[in-house]
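Here is a friendly walk through one protein model. Have a look at the fold, then read on for the details.

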Amino acid sequence: KELETLRVRLNQANKDRKETMGEVFDHPNVQMIFVSEYMKGVAEKFVKKKAKRSHVIHNSISSADFPYTPKSADARKNILWVRTFAAKNYANDISRDVILGLSKKPYFEDLTFSIYGAGRYFDDITEPLEAFDNITLTNRFLSRAELQEQHAAHGVKLVPTRWDSQGLTCGE
């Protein structure tokens with residue numbers, strides 16, 4: 001009964017969003033910015049209208065904050081995974097399953113994994129990884145300075161996604 005009540009509210013909220021977005025799409029003085037062609041397509045499909053006055057401007061990455069750092073060949077053994085665990089579209093289960101697959105390889109003990117993030121799915125997703133000595137689990141978000149440090153210390157970053165809107169993290 002509670003789910004049915006919630007479904008009615010969510011359906012009404014989506015109807016209101018479509019109506020509002022449709023007005024924005026039609027407004028002659030509004031230009032829309034999307035982070036990708038894919039997200040533009042998602043919006044157009046949702047509203048069932050073309051975004052005529054629109055532009056795609058991809059997320060930019062500050063090279064001052066995230067400079068290119070040459071890495072040694074051994075850096076590939078240090079693997080970083082930094083994500084929110086608040087929603088399933090961040091594909092954290094895929095990263096977990098990759099690590100579990102790697103755990104069956106003879107070179108697994110030579111690898112180190114640093115996992116950072118927070119959200120309602122953190123414990124459930126990372127629980128199978130607690131058994132490994134070469135995996136560090138940290139249930140919190142990183143500051144920008146800490147993120148820079150971690151990028152410099154690792155040679156590989158796991159960033160699978162089920163949604164095109166996370167390009168910023170991949171770029172960093």
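This is a predicted model: local features need pLDDT of at least 70, side-chain atom pairs count only at pLDDT 80 or more; totals for chains, interfaces and linings use all residues.

How many bridges join strand 3 to strand 4? Five bridges join the two, and these strands run parallel.

## Before we start

Residues are numbered from 1 along each chain as its sequence is written, and side-chain values use heavy atoms, with hydrogens and water left out.

## The sheet

Let's start with the strands. Helices (H or I, at least four residues) and strands (E, at least two) are DSSP runs, numbered from the N terminus. Two strands count as paired if DSSP finds at least two bridges between them. Four strands form an open sheet here, in the order 5-4-3-6, with parallel pairing. Strand 5 and strand 6 (156–157) are the edge strands, each pairing on one side only. In general, strands of a sheet pair through backbone hydrogen bonds, either parallel or antiparallel.

Buried means under 20% relative accessible area, exposed means over 50%, and partly exposed is in between (1.4 Å probe, protein chains only).

## Helices against the sheet

Strand 3, helix 3 and strand 4 make a right-handed β-α-β unit. Right-handed means that, with the strands pointing away from the viewer, the path from the first strand over the helix to the second runs clockwise. Helix 3 lies across strand 3, strand 4 and strand 5, running at about 160 degrees to strand 3. Helix 5 (residues 144–153) packs on the sheet too, touching strand 3, strand 4 and strand 6, and its direction makes about 150 degrees with that of strand 3. For these angles, axes are lines fitted to C-alpha atoms, for helices over the stretch in contact, and values run from 0 to 180 degrees between N-to-C directions.

Which residues does Gln-150 touch? Not counting residues up to four places away in sequence, Gln-150 touches Leu-80, Ser-114, Tyr-116 and Leu-142, where contact means heavy atoms within 4.5 Å. Gln-150 lies in helix 5 and is buried, with a relative accessible area of 13%.

## The nonpolar core

The largest nonpolar core has 15 residues, and those with the most contacts inside it are Trp-81, Phe-85, Ile-99, Phe-108, Phe-113, Ile-115 and Ile-135.

Take Ile-115 as an example. Leaving aside neighbours within four places in sequence, Ile-115 is in contact with residues including Trp-81, Phe-85, Ile-99, Phe-122 and Leu-129, as well as Ile-135 and Leu-137.

## Salt bridges

How many salt bridges does the count come to? The total is six, taking a salt bridge as a side-chain nitrogen of Lys or Arg within 4 Å of a carboxyl oxygen of Asp or Glu. One of them joins Glu-4 and Arg-7 (2.9 Å, N to O). Both of these residues lie in helix 1 (residues 2–26), three residues apart, about one turn of the helix. Glu-4 is partly exposed at 45%, and Arg-7 is partly exposed at 45%.

Another salt bridge links Lys-77 and Asp-74 (3.7 Å, N to O). Lys-77 is partly exposed at 26%, and Asp-74 is partly exposed at 49%. Glu-146 and Arg-140 also meet in a salt bridge (3.1 Å, N to O).

Most residues other than glycine have a negative phi. Lys-48, though, has a positive phi near 65 degrees. Lys-48 sits in the loop between helix 2 (37–47) and strand 2 (54–56) and is exposed, at 68% relative accessibility.

Ala-91 has a positive phi as well, near 60 degrees. Its place is the loop between strand 3 and helix 3, and Ala-91 is buried, with a relative accessible area of 0%.

Notes:
A nonpolar core is a set of buried Ala, Val, Leu, Ile, Met, Phe, Trp, Tyr and Cys residues joined through side-chain atoms within 4.5 Å.
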